[in-house]
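Hi everyone, thanks for coming. Let me put the structure up, and then we can walk through a few parts of it together.

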Amino acid sequence: MKKLSILGSTGSIGTQALEVISQLSEKIEVVSLAAGKNINLLKEQIKIFAPRKVSVLDKEDALKLSNEFPQTDFLYGDEGLEILSSDKDIDIVLIAVSGKIGLKPTIAAIKNKKNIALANKETLVMAGDIVMPLAKEYGVKILPVDSEHSAIFQCLNGVKPKKLIITASGGPFRNKSIEEIKSATANEALNHPRWNMGRKITIDSATLMNKGLEVIEAHHLFNMDYKDIKVVIHPQSIIHSAIEHEDGSIIAQMGLPSMHIPIQYALTYPKRIKGIESNSFDFSKIAQLTFENPDFEKFPALKIAFEAGIKGKTFPTVLNAANEEAVMAFLDGKIRLTDITEITKSVLNTHKPIENASLEQILELDEKTRKQTREIINNLLIKE
């Protein structure tokens with residue numbers, strides 16, 4: 001019986017993880033949950049899974065919930081996340097929160113020798129040079145939950161490949177013109193053709209920034225040089241990613257688009273067991289699999305993410321923070337979809353990198369970058 005903590009239980013990955021666990025109740029026990037503001041859904045999860053500890057964003061919500069569920073210990077804020085991720089009663093923590101909030105609990109888990117199922121790519125984009133060596137030092141496994149990184153992980157089997165091939169669906173605007181992308185609404189951008197994800201990651205998928213962040217994450221997870229990581233557009237999303245060996249052979253992981261499988265594999269690793277998505281993939285029902293190179297002119301976010309990763313140091317930290325602030329501004333109707341990349345690029349162009357940045361320096365830079373990005377957005381609004 002594995003004992004699990006889920007940070008981000010009411011989000012897309014968290015809810016799907018609980019769907020997986022509902023089929024594996026004899027193998028996985030949910031010890032603790034953490035959520036933000038979706039208190040109604042959290043209440044339902046508490047009733048079903050009876051966690052011993054729960055953390056929420058606000059102290060006021062924690063107090064109200066403690067009256068309703070007296071058998072459960074309630075925590076709140078960043079400290080609550082760190083306590084849950086390092087709890088002596090758990091074996092593994094699923095980091096499924098979105099954005100920079102995942103970094104501190106990830107480090108807390110590592111320092112307390114808790115294995116990590118990582119669904120928060122921002123953690124490695126911001127601080128991969130700190131997190132991965134720390135995990136090695138403490139003997140902690142970081143098991144990828146992203147479908148692409150899970151696919152690579154499953155293909156590797158302990159072997160160092162020549163190349164990583166990360167696939168991308170191309171998002172909702174693959175066949176749209178630049179002008180159509182410029183005028184895209186939030187609803188259009190959130191209408192992903194293949195995957196059901198959270199709002200932020202869905203917008204990143206529309207600009208292909210998500211794939212750029214995945215490239216940086218793959219660089220850290222698998223210790224691969226950027227020149228050996230290739231992105232390929234694969235609209236059917238059947239091949240989730242692949243590796244190429246020295247002899248030219250390619251091994252790919254395939255399946256229908258579903259996050260249940262990579263979530264389950266991370267939680268049950270190294271075992272494979274029958275779960276929520278155990279139906280066989282039927283080759284005869286797939287008419288064709290197509291592939292194409294990404295269009296860097298239509299989707300410059302992927303290019304600037306590669307460039308930030310290659311430059312290294314603190315460029316990925318700035319990339320992540322600026323992009324996240326710009327995405328939120330787009331969702332709030334303040335800027336156009338194409339402004340996200342332009343704003344992020346302008347922030348990167350002014351950045352003076354820090355050599356061997358500490359965690360404190362990274363967090364300070366993150367806040368500074370967000371402030372700078374918001375100022376740029378506000379100036380755009382004033383001009384309009």
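Let me start with a rule: I call a pair a salt bridge when a side-chain nitrogen of Lys or Arg is within 4 Å of a carboxyl oxygen of Asp or Glu. What you see is a predicted model, where local features need pLDDT of at least 70, side-chain atom pairs count only at pLDDT 80 or more, and totals for chains, interfaces and linings use all residues. Residues are numbered from 1 along each chain as its sequence is written, and side-chain values use heavy atoms, with hydrogens and water left out.

By that rule, there are 28 salt bridges. One of them joins Asp366 and Lys100, at 3.1 Å from N to O. Helices here are DSSP runs of H or I with at least four residues, strands are runs of E with at least two, and both are numbered from the N terminus.

Asp366 is buried at 0%, while Lys100 is partly exposed at 27%. Both belong to one network of salt bridges with shared partners, together with Glu324, Glu325, Glu367, Arg370 and Arg374.

Next, please look at Lys37, which forms a salt bridge with Asp61, with 3.8 Å between the closest N and O atoms. Lys37 is in the loop between β2 and α2, and Asp61 is in helix α3, 24 residues apart. Lys37 is exposed at 54%, and Asp61 is buried at 14%.

That brings us to α3 itself, residues 59–68, where Asp61, Ala62 and Leu65 are buried. Viewed down the axis of α3, the buried residues fall within an arc of 100 degrees, so they line one face of the helix; the arc is taken from the directions from the helix axis to the C-beta atoms. Glu60, Lys64 and Asn67, on the other side of α3, are exposed. The buried residues pack against α2, β3 and β4, where contact means heavy atoms within 4.5 Å.

Last stop: α5 (residues 103–111) and α6 (residues 121–138) pack at an angle of about 5 degrees, with axes 10 Å apart. That makes α5 roughly parallel to α6, a label for angles under 35 degrees. The axes are lines fitted to C-alpha atoms, over the stretch in contact for helices, and angles run from 0 to 180 degrees between N-to-C directions. Among the residues that meet are Leu103, Ile107 and Ile110 in α5 and Met126, Ile130 and Leu134 in α6.

How values were computed: Parallel < 35°, antiparallel > 145°, perpendicular 65-115°, else oblique. Buried < 20%, exposed > 50% of the residue type's maximum accessible area, 1.4 Å probe, protein only.
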